[in-house]
Amino acid sequence: MTNWREKEAKYFLRAGRRMPLLTVRGEGSFLYDDTGKRYLDFFGGPATISLGHSHPVIVNALREQAQELIHVSNQFYSIPQIQLAELLIEHSVFDRVYFMNSGAEANEGALKLARKWGKEKKGGAYEIIAADNAFHGRTLQAVTAGGTERYKAPFGPLPPGFVHVPFNDAGAIKRATTPDTVAVFLEPIQGEGGINVPDDGYFKQVRAWCDERGILLILDEVQTGCGRTGRLFAYELFGIEPDIMTLGKGIGGGVPLSAFLAKEHAAVFTPGDHGTTYGGEPLMTRVGYEVMRYMIEQDLPARAAAKGKIIERRLHSLLDRCPHVTEVRGKGLMWAIEFSSDLGERVTNAALENGLIVNNVRPNAVRLTPPLTVSDEELEQGLAILEHVIERDAAPAK
Ligand SMILES: *Cc1c(COP(=O)(O)O)cnc(C)c1O
């Protein structure tokens, strides 16, 4: 038998950590390892596998489109790209869209758009206000906008023009605003930061401030978008409309596809300003189109909201029972459980042994982002495993 772990250790750049699991197959809410053992996948990508693993809608879209046209330069028109553009625009508050391959690239595009807008419409303003604990991807500009020191410190000098404020503090944004400020750039709910849900009213205040000062509000919905929070886009939860939004993860159901969308007044690109070789190619946008169409037709956001209620009820009961569980938080199918100490890894490993995949999003917290198609039965089954693990394996010694 090939020792894949040794090979990985020998050949791969040591940039990340892996779970001790050799995955070979996925189906619906389940992943299978090389021994045939089955795991309920509540990591789900993270949050990428919106329709579950290898959903027929995705498999058929890939098969049919691969036979028609896989790739063509963005110098030509192609049908799936325009179909997906129409679908996204008709179901959101935006007027224009551009497709990329990854969340970081979508954010890069959105930030370039904001910088150009600042030059043209706001006297050269360029500064971006971002949040502590934020995550926007791993390009140099994305790590600079992000709030994790560890992800940027080794790579300086970093691009200038970013300032950071605490999340969920509208007053801090006001104090950080200067004549050079061009945009406020936030996740609606911080994902990698540990599923941090802002207070009601936060985004209304931020929106009002941006309007007052004539600056752009950019929402990074790479993780929260596409049904994850119980609405098609998370800005709907807060009753506001951003000027620019980025999407990734769930939009492709697991294939590399992302997008940034803008309202007309912010859509200042002119031909030549931006481009991409693969972004928006027929194969990926066909999948994105079929994923989003299915999501809208089946009203998966409403299903995610209903399933979120099941999670909420069970996690709150866990919170009441377990002194070492200090907080549970989330919306729709995006949740975190926080512990009184750094139990994240222990819980994640014990869950894995018991056939459940969760993610230790923070040293002291685990995250659940199951597919939007997860059944009530699978949800109850996974939560039962998780509760068992937290109450028994992860309970601190008495
Ligand atoms: C995952 C994530 C990104 C980065 O996406 P990549 O596809 O890994 O580049 C950006 N923003 C948020 C909010 C994310 O969760």
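Is Tyr202 buried or exposed? Tyr202 is buried, at 3% relative accessible area. Buried here means under 20%, exposed over 50%, partly exposed in between, with a 1.4 Å probe and protein chains only.

Some ground rules. This is a predicted model, where local features need pLDDT of at least 70 and side-chain atom pairs count only at pLDDT 80 or more, while totals for chains, interfaces and linings use all residues. Residues are numbered from 1 along each chain as its sequence is written, and side-chain values use heavy atoms, leaving out hydrogens and water.

Now the rings. The whole structure holds eight aromatic pairs. Rings of Phe, Tyr and Trp (its six-membered ring) pair if their centres lie within 6.5 Å; planes under 30 degrees apart are stacked, over 60 edge-to-face, the rest tilted.

Take Phe167 and Tyr202. Their centres are 5.5 Å apart and their planes meet at 70°, so this pair is edge-to-face. Phe167 sits in the loop between strand E6 and helix H8, and Tyr202 in helix H9, so the pair ties together parts 35 residues apart in sequence. Helices (H or I, at least four residues) and strands (E, at least two) are DSSP runs, numbered from the N terminus. Phe167 is buried too, at 14%.

Next, Phe203 and Phe238. This pair is tilted: 5.0 Å between centres, 35° between planes. Phe203 belongs to helix H9, Phe238 to the loop between strands E8 and E9. Phe203 is buried at 1%, Phe238 at 10%.

Put together, Phe167, Tyr202, Phe203 and Phe238 make one aromatic cluster.
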